[in-house]
Amino acid sequence: MRLWHLFLEASLAAAQLYQQQAQTPLQYSTPCALLAALFPEQVVNPGEEGYAHAQEKYWSIQQAELIPACRFLPRGARDIQIALADVIHPSNASIAISSGGHSSVTGASNIDDGITFDLSDMSGVNVGDMEETVVLGPGARWRDVYRTLQKQNLTVSGGRVGSVGVGGYVLGGGFSWFANQYGWTCDTIIEFEVVTPQGEILWVNAGHHEDLFWALKGSLGAFGIVTKIKMPTLPNTVVYGGALSYEQPHFPLVCNALKNLAARAEDDLTTQGYLSFAWLQAEKRFEYDVYLINTEGQSSHEALAAFEAIPHLGGQLSTTTIGKSADDIDRSNPLGFRRFKFTLTSTLSPSAMTAVHDVVKTFTENTKFDPTGVVGVTFQPLTSSHLKAQKNIFNLIPSHGPLLLISVELWWNDADRDIYFSGKANKLQHDLEATLKKLDAFHPFIYPNYASREQNPFATLDPVTMRMLAATKRKYDPNDRWSKIVPGSTYLN
Ligand SMILES: Cc1cc2nc3c(=O)[nH]c(=O)nc-3n(C[C@H](O)[C@H](O)[C@H](O)COP(=O)(O)OP(=O)(O)OC[C@H]3O[C@@H](n4cnc5c(N)ncnc54)[C@H](O)[C@@H]3O)c2cc1C
Ligand SMILES: *[C@@H]1O[C@H](CO)[C@@H](O)[C@H](O)[C@H]1NC(C)=O
Ligand SMILES: *[C@@H]1O[C@H](CO)[C@@H](O)[C@H](O)[C@H]1NC(C)=O
């Protein structure tokens, strides 16, 4: 009922416009021109104010360099519904959807010639249900979410880096400081508002459209455009943590401490950490860092003490907040590079970690980096408690844990070397896979939020999950419109 009503209104709005201007839709020379007529002030063309600024916000320069014919700034689900029904479907225009623009996949959230649906004006943070839940707009950044919630001594199980967007992060899984307690961020979601590929606006939850509710959790936008996300708040004032940096000789000790941290997660859900190492061409050296958080704010904690006991170069742990920590980590993740990222999963063992390190070390010796180039690797334990808390399409088996989520990212500057570095990255991925397989440590899981274009996160899901996803896809996108309209998104074939 309501849906028809909206469609009708949308078509009427469009029809009135044509009449007023004595025009037929064909007289709008381009889909962007029609969109601008329907949504004055919400369409920006190249050269207009705001276009360049929006383009500069992408995490990777390759995405910033794609030139959409226009950027559309919807203010809610209804704007998206109207745009799909009246502009996109009739003209067969291609679109990209951008929440925070932090994907490393070129074309995932921006598009040459097509229309980028830029959700940055849909960034509400609205606390409700007696402060027990919050409804987030997908275009919010985690730093804004934390800033708003902190005023009420609340937080959420969200991103660890302030500038990352809510939309992509949640739909691709979401690895938070609270993962031991609540699993992936997508597991905690209570309700989504989504515009389906057919143009329906649906509220989906455990009782309504349960199939779509489940399918949205980990499929990175393959089932429509999510326009609101409702999740539980967590009472939280302070946490304890920060970064510690080490030198190469102590790397094996740090790997061991990380393994122990994950092993004790069953008994202590509140302490988490990850380990990063990176080759910095500018300084011609490797850097080794752990980032640790105790979410209860406990400073004298055994799990943290184990890392502090290993000789470290610098850094310190202190009382902070989830929001401040997200700002801190942001500072070590500057914009302005060309990038390639891929992911691997392994069993969690110090020998797998040192083997990965050795392969990357050899890689650095055989690679001609740009002067400020970087190759960075991050190890994140997927603890058994994290895996037990899952409600998503990944279907990872808790008894297979703890696992190690590995992400690898290359940074460079010279556009002429894109092919060189993506080729290098693919070769590195292949070498790392072979090494992990040889150690019998390889796990097929592909974490969507870290996957490269070449890595299909659906490819390694189990057959039962795939059948359920395919059925859900047939139900909500029966004409397979999504893969034609959103060429850069992750989708089921
Ligand atoms: C510096 C940095 C730190 C990170 N830290 C973490 C971390 O702590 N934990 C973690 O799990 N991941 C982390 N990531 C990975 C991050 O979660 C993913 O890159 C995520 O997809 C980015 O979301 P976004 O909205 O910013 O990106 P976008 O580039 O805007 O979107 C990513 C993908 O999701 C789709 N999408 C976005 N919004 C919607 C929507 N509303 N409806 C449908 N589809 C949509 C896009 O089309 C695109 O394919 C980090 C990435 C970076 C660069
Ligand atoms: C859109 O695509 C369909 C199917 O491919 C085609 O029939 C139709 O003519 C196209 N419309 C426009 C405006 O290009
Ligand atoms: C938040 O917590 C602090 C410290 O416990 C307290 O002083 C403050 O009054 C609280 N603020 C709100 C809005 O509850």
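What share of the contacts in the protein with a separation of 6 or more comes from residues 24 or more positions apart? Such residues account for 72% of them, with two residues in contact if their C-beta atoms, placed from the backbone, lie within 7 Å.

## About the model

This is a predicted model, in which local features need pLDDT of at least 70, side-chain atom pairs count only at pLDDT 80 or more, and totals for chains, interfaces and linings use all residues. Residues are numbered from 1 along each chain as its sequence is written, while chains are lettered from A and ligands numbered from 1 in the order in which they are written.

## The overall fold

You will find 18 helices and 19 strands in the protein; these are DSSP runs numbered from the N terminus, with helices being H or I of at least four residues and strands E of at least two. The radius of gyration is 23 Å, close to the 23 Å that the globule rule gives for 493 residues, so the protein is as compact as a globular protein of that length. That radius is taken over C-alpha atoms, and the rule is 2.2 Å times the number of residues to the power 0.38.

The C-alpha trace spans about 75 × 55 × 45 Å along its principal axes.

## Around ligand 1

Domain 1 (2-121) and domain 2 (125-235) both give residues to the shell around ligand 1, so the ligand lies between them. Their bounds come from an automatic or database domain assignment.

Of the 32 residues around ligand 1, Gly100, Gly165, Gly167, Gly168 and Gly221 come nearest; a residue counts as near if its C-beta atom, placed from the backbone, lies within 6 Å. Helix α7 gives the most to this shell, with four residues.
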